[in-house]
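Have the viewer open while you read.

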Amino acid sequence: MTDYPIFEHDVIVIGAGGAGLRAAIEASANGVSVGLICKSLLGKAHTVMAEGGMAAAMGNVDDRDNWKVHFSDTMRGGQYVNNWRMAELHAKEAPDRVRELEAWGAVFDRTKDGKILQRNFGGHRYPRLAHVGDRTGLELIRTLQDHGVHQGIEVYMEVTVVSLLKDGGRVIGCLAYEREHGRFRVFKCKALVLATGGIGRAYKITSNSWEGTGDGHALAYDAGAELIDMEFIQFHPTGMVWPPSVRGILVTEGVRGEGGILKNNEGRRFMFDDIPDNYKNQTASDPEEGWRYVQGDKNANRPPELLTRDHVARCINREVKAGRGSPHGGVYLDIAWIKEKLPNSVEHIKKKLPSMYHQFMQLANLDITTTPMEVGPTTHYVMGGVRVDADTQESSVPGLFAAGECAAGINGANRLGGNSLSDLIVFGKRAGEYAAKFAQENQAGTINKDEVAAKAKAALQPFEREGGENPYAIQHDLQELMQANVGIVRTQDEMVEALNGLDLLRNRSAKTFVPGNIDFNPGWHTALDLHNLLIVAEAITLSAIERQESRGGHFRDDFPEKDPAFAKFNFAVKKTEDGAMSVSRIPIPEMPDELKQVIEEMG
Amino acid sequence: MARATFSIRRGGRETAELVDYQTDVTEGMVVLDAVHQIQAESAPDLACRWNCKAGKCGSCSAEINGMPRLMCMTRLDTIDLTQKVTIEPMRAFPPVKDLITDVSWNYEVKKRIKKFKPRKPDAEDGTWRIQQEDVDRVQEFRKCIECYLCQDVCHVLRDHAKHQEFIGPRFLVYSAALEMHPLDTEDRTGDLKDLFGIGYCNITKCCTKVCPEHITITDNAIIPLKERVVDEHYDPIGKLVKLFRKEKG
Ligand SMILES: Cc1cc2nc3c(=O)[nH]c(=O)nc-3n(C[C@H](O)[C@H](O)[C@H](O)COP(=O)(O)OP(=O)(O)OC[C@H]3O[C@@H](n4cnc5c(N)ncnc54)[C@H](O)[C@@H]3O)c2cc1C
Ligand code: SF4
Ligand code: SF4
Ligand code: FES
């Protein structure tokens, strides 16, 4: 039997996006030794792509803002199936976490009086998103990375974790391989934080990078943790649709925040046609009021383009299906029109949305300062993930913590834009703090070498099945299956079909073959990712079948209405003894009176 | 539908060769799409780095027909496809496999640069007041996506391999962002002169030309840094004169 090298730290963090970096910084600041593992190079995680900003009720632009408004906006956006305690902590702590970034060197855009500037975003009542042009994620990740490297955190780049290791009931490490030579490594720890991000790669059209294969979701699930809210997937309304090779790439909501409007091929601003009741009194009554809102008029209500993402995505879907779409199956997003309002609109757009300007110029040959963009929904974010304790971010498996997109609770049925970056720093910090505490209070466990050897052997099988199938083909079919059957609009029949399809794909994935040697072999990595994608896809489908209503990111054609009975619980999936996936209902605890009152006050 | 031939470096740290692959080209495709298509069709073990596919992460740097570019932002309709298109890894760093290079040196360099050290907060609540015009320049530098294309073209690194003595344009930009940060109180000019080899740069501006973020590396970062180094370390009288002038307004 091979002995794999063992790397030992008090706390291991898997993932170097905003959540993982913030967790590692905090754990290290608490005096424990920290190892940080990531699949890509440091600084390249998905977080780097975030554009619009991070939500924190600092009240720099509108002093009516405070944590209570942010809390109630988040709960409303999440359609009240959020973990209210997480929503509360998030709203209260985000301002401090953002200011701390400034102390670590982040350079946000400024208000006239020199404070951190905040911008409007969908579902946020006041301008709340701290931002840097449209590259806020880059600023976040670089600030944390540059701060973190001086803290003595050991970073293991281009290392992929394939399994968590347990001793009794507790997580005590993980098995990983380094991509360069495909060599296995054992990481031993007292506490482990998952911060692996999202699952977008389970769908064909997505804004996510290759990393978004739901690894953390699957690692936690295999280790016995519960995944909740998996039916809630956020389809961002505005992804690029043309040319085909960029389909899915995100067009930031910031475009609409700066005054961009949505139109169909008849030139109609269709978002005014369908405004949900619970947002009626917060939405502009005509285009003029909408424009005043984006210009900062505090007495105006927001334009309907800034309604929550689930709603905007469905409206676009409807226009396209009704034949009112743009030539390539989207609708028009127009920011160029603001030239009617602003004399220097071209400069203004370039200044406020520089990377959108470049993205369209370079990838689509289109000048957004003069021409409307074509956009359509793209799989963007998963609200579901590892079920964690709100205060500590610990999962139901001792020693296993989760933060960021791979954890669930704060967003409920739908995440508001900007609430992810702030989630990363608020709960990344908490996860780091409590993981460090757990490590200080517990001894290291014992690695079971036989388990390690068996897992490593299983991972190597794709090299041995000469004549087996190309993993890319299976991944492709899985993405098509999920896109077609468990997408924006769902029905029972299609989802059952998806489950059957997933069974077939599971069989096929057990027979993959990859040629070539093990060094940096993306075919092999794709073969291993299939295991994770299949778990995630099944979890989404099973949970979506159970939720026989429409709410937030989950919309069912056969149950188009919201059903108050379903507001009382979250669905959780878990691995049973025999390896099958079970779904159960977890009742949402009663909200304390103070919080109920906050929601009432805020209207 | 057109077919095009891509000649891609295949091989490891020691030996490699250019291997030809054909694939279909459709409207709007970028070089990275072609590489992915080749991976899925005929070379599943072809190694390349990428993440965002939108010019935001700086992972997919390569030399396309000898030009340092981001593969995800290079459209095929800007390249002559009647000829073979060569795709090779960056040359200023050791090759690892296929299109992947060992860029770890960059991470080591960054660690050696003194970290951000802010002045005391301006307000009671621990926050600062900064005017937008005072951070415009720093924000330009902070757009850097660490693609290392500038490092790749800089002759000091590429041709003269001065990796031990010179930190390269990327880290001069990084140092400039810290030095010009309105809150920062650290002094890095000594290190720039003695340890980081700012003197090696002879302002050829090749770095500025390849920067996908259009950062004016030489004019806005390196030249002002060089001036600071001169002011601090070679020209105490000049420094005094400048100070004096400043005070007079
Ligand atoms: C284009 C775009 C724009 C966005 N804009 C905004 C915005 O403006 N505001 C906002 O709030 N949110 C935004 N979001 C959402 C937000 O960016 C993400 O939800 C968030 O960055 C996720 O961060 P994270 O730290 O949880 O994970 P990520 O940043 O996704 O990082 C995951 C990390 O885990 C590592 N990893 C994964 N699996 C493994 C494994 N098996 N082994 C080892 N390492 C592993 C990866 O290498 C990576 O380092 C945007 C998302 C996209 C795609
Ligand atoms: S200007 Fe200086 S740093 Fe830039 S490429 Fe030329 S020598 Fe290198
Ligand atoms: S300065 Fe420009 S070329 Fe250099 S690493 Fe940064 S983005 Fe790339
Ligand atoms: S893939 Fe991110 S810059 Fe090219």
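Buried here means under 20% relative accessible area. Keep that cut-off in mind, because it decides how the residues below get labelled. One caution before we start: this is a predicted model. Counted over all chains, it comes to 79 salt bridges, and a few of them are picked out here.

- A:Arg547 and A:Glu231 join their side chains in a salt bridge, at 2.6 Å from N to O.

**A pair within one helix of chain A**
- A:Arg76 and A:Asp73 form a salt bridge through their side chains, with 3.8 Å from N to O.
- Both belong to helix α2 (residues 67-77) of chain A, and because they are three residues apart there, about one helical turn separates them.
- A:Arg76 has 6% relative accessibility, so it counts as buried.
- A:Asp73 comes out at 0% relative accessibility and therefore counts as buried too.

**A pair in chain B**
- Over in chain B, the side chains of B:Asp33 and B:Lys53 meet in a salt bridge at 2.8 Å, N to O.
- B:Asp33 lies in helix α1 (residues 31-41) and B:Lys53 in the loop between α1 and β3 (61-64), so this pair links parts of chain B that are 20 residues apart in sequence.
- With 9% relative accessibility, B:Asp33 counts as buried.
- B:Lys53 is buried as well, its relative accessible area being 12%.

**Around A:Asn419**
- A:Asn419 is part of helix α11 (residues 419-441) of chain A.
- Its relative accessibility is 0%, so A:Asn419 counts as buried.
- Leaving aside residues up to four places away in sequence, A:Asn419 touches A:Ala55, A:His70, A:Thr74, A:His90, A:His124 and A:Asn411.
- For a sense of distance, the C-alpha atoms of A:Asn419 and A:Val536 are separated by 23 Å, and these two residues are 117 residues apart along the chain.

Methods. Residues are numbered from 1 along each chain as its sequence is written. Chains are lettered from A and ligands numbered from 1 in the order in which they are written. This is a predicted model: local features need pLDDT of at least 70, side-chain atom pairs count only at pLDDT 80 or more; totals for chains, interfaces and linings use all residues. Side-chain values use heavy atoms; hydrogens and water are left out. A salt bridge is a side-chain nitrogen of Lys or Arg within 4 Å of a carboxyl oxygen of Asp or Glu. Helices (H or I, at least four residues) and strands (E, at least two) are DSSP runs, numbered from the N terminus. Buried means under 20% relative accessible area, exposed over 50%, partly exposed in between (1.4 Å probe, protein chains only). Contact means heavy atoms within 4.5 Å.
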